[in-house]
Amino acid sequence: MPALSRRERPAKPALTREGIVDAAVRLMASEGLQRVTMRRLASELDTGPASLYVYVANTYELHAAILDRLLAQVDLAAGLDDWREGLQQVLGSYTDILLAHPSLAVSALNTRPNGPNYLALLDTLLAFLAAGNIPAGQAAWGVDYLLQTATATAAEHAADNAATDAQWQQLSDTLGAASPAAYPHVHAQAADLVSGTPGERRRWAIDMLINGILATARPA
């Protein structure tokens, strides 16, 4: 069968930023974030990379847009009555979204989304801190560390579970075998250092940060 001439081919849909991000999310789901480059995405959309730069400045901005798109899935519905538990629920939902997309979890450590879904998440977290009567200045700095901690937690556990379990066991064995003479504190607390489930440690970390935000005034 002869190839269709350019005039006979169906017209490609017009490029839009929304459509580009849609395609990037699909590409990440099928091939991983490391494959979501401007060149690869242009090939997926049957266009040239230069056409994409009209809508997205670079790969960093593209990855930030993907992250913001996925932040739409974060459950922000927790009530303000129990503001501490609300923070736990929202940050837990955020962490779970990243855990479901391992490559994005690692990238999120260095990616700053700036879209509407990020703003909605940020506004919700600030509302919980305000409900706890935390001064605005402390809340403004504290919310950054709450998100950093949740992101780092997801990135740490986003690797292959079997490999992570093996590394965790190796660490446990190393701590257990620590010399009491050379490392007396490590030897005494070897079991405690690796105790608790990931969920328990995550909740404790958030509680620890909340207590610190409450108790620590910003420098004048």
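What radius of gyration does the protein have, and what would a compact globule of 220 residues have? The protein has 22 Å, whereas such a globule would be near 17 Å. The radius is taken over C-alpha atoms, and the globule rule is 2.2 Å times the number of residues to the power 0.38.

This is a predicted model: local features need pLDDT of at least 70, side-chain atom pairs count only at pLDDT 80 or more, and totals for chains, interfaces and linings use all residues. Residues are numbered from 1 along each chain as its sequence is written, and side-chain values use heavy atoms, with hydrogens and water left out.

## Overall build

The C-alpha trace spans about 80 × 45 × 30 Å along its principal axes. The secondary structure comes to twelve helices and zero strands. Helices (H or I, at least four residues) and strands (E, at least two) are DSSP runs, numbered from the N terminus. Read along the sequence, the pattern is α-α-α-α-α-α-α-α-α-α-α-α.

Of the 220 residues, 35% count as buried. Buried means under 20% relative accessible area, exposed means over 50%, and partly exposed lies in between (1.4 Å probe, protein chains only). The accessible surface of the protein comes to about 13100 Å². Carbon and sulfur atoms own 56% of that surface. Areas come from the Shrake-Rupley method with a 1.4 Å probe; for residues, only the protein chains shown count as cover.

Among contacts with a separation of 6 or more, 71% join residues 24 or more positions apart.

A154 sits in helix α8 (residues 136-157). Its relative accessibility is 0%, so A154 counts as buried. Leaving aside residues up to four places away in sequence, A154 touches T95, L98, L99 and A105. L99 is 55 residues from A154 along the chain, yet their C-alpha atoms are separated by 5.4 Å.

A42 belongs to helix α2 (residues 38-44). At 1% relative accessibility, A42 is buried. A42 touches T47, G48, P49 and L52, again not counting residues up to four places away in sequence.

## Salt bridges

How many salt bridges does a search of the whole structure find? It finds ten. A salt bridge is a side-chain nitrogen of Lys or Arg within 4 Å of a carboxyl oxygen of Asp or Glu. Three of them are tabulated here.

| Pair | N to O distance |
|---|---|
| R17 and E61 | 3.0 Å |
| E44 and R40 | 3.2 Å |
| R112 and D144 | 3.3 Å |

R17 and E61 meet in a salt bridge. R17 lies in helix α1 (residues 17-31) and E61 in helix α4 (residues 59-70), so the pair ties together parts that are 44 residues apart in sequence. Both ends are partly exposed: R17 has a relative accessible area of 34%, and E61 has 27%.

R112 and D144 form another salt bridge. R112 lies in the loop between α6 (102-107) and α7 (116-131), and D144 lies in helix α8, so this pair ties together parts 32 residues apart in sequence. R112 is exposed at 51% relative accessibility. D144 is partly exposed at 25%.

The pair E44 and R40 lies within helix α2. The two residues are four apart, about one turn of the helix. E44 is partly exposed at 44% relative accessibility, whereas R40 is buried at 18%. Salt bridges also link E31, R35, R40 and E44 in a network. Helix α2 thus holds R40 and E44 of that network, and buried A42 as well.

## A nonpolar surface patch

Which residues form a nonpolar patch on the surface? They are Y183, V186 and L193, with about 270 Å² of accessible area together. Patches are made of residues with over 30% relative accessible area and no salt bridge; like charges are joined within 9 Å, and nonpolar side chains (Val, Leu, Ile, Met, Phe, Trp, Tyr) within 5 Å. V186 is found in helix α10 (residues 184-188). V186 is partly exposed, with a relative accessible area of 30%.

Conventions. Contact = heavy atoms within 4.5 Å.
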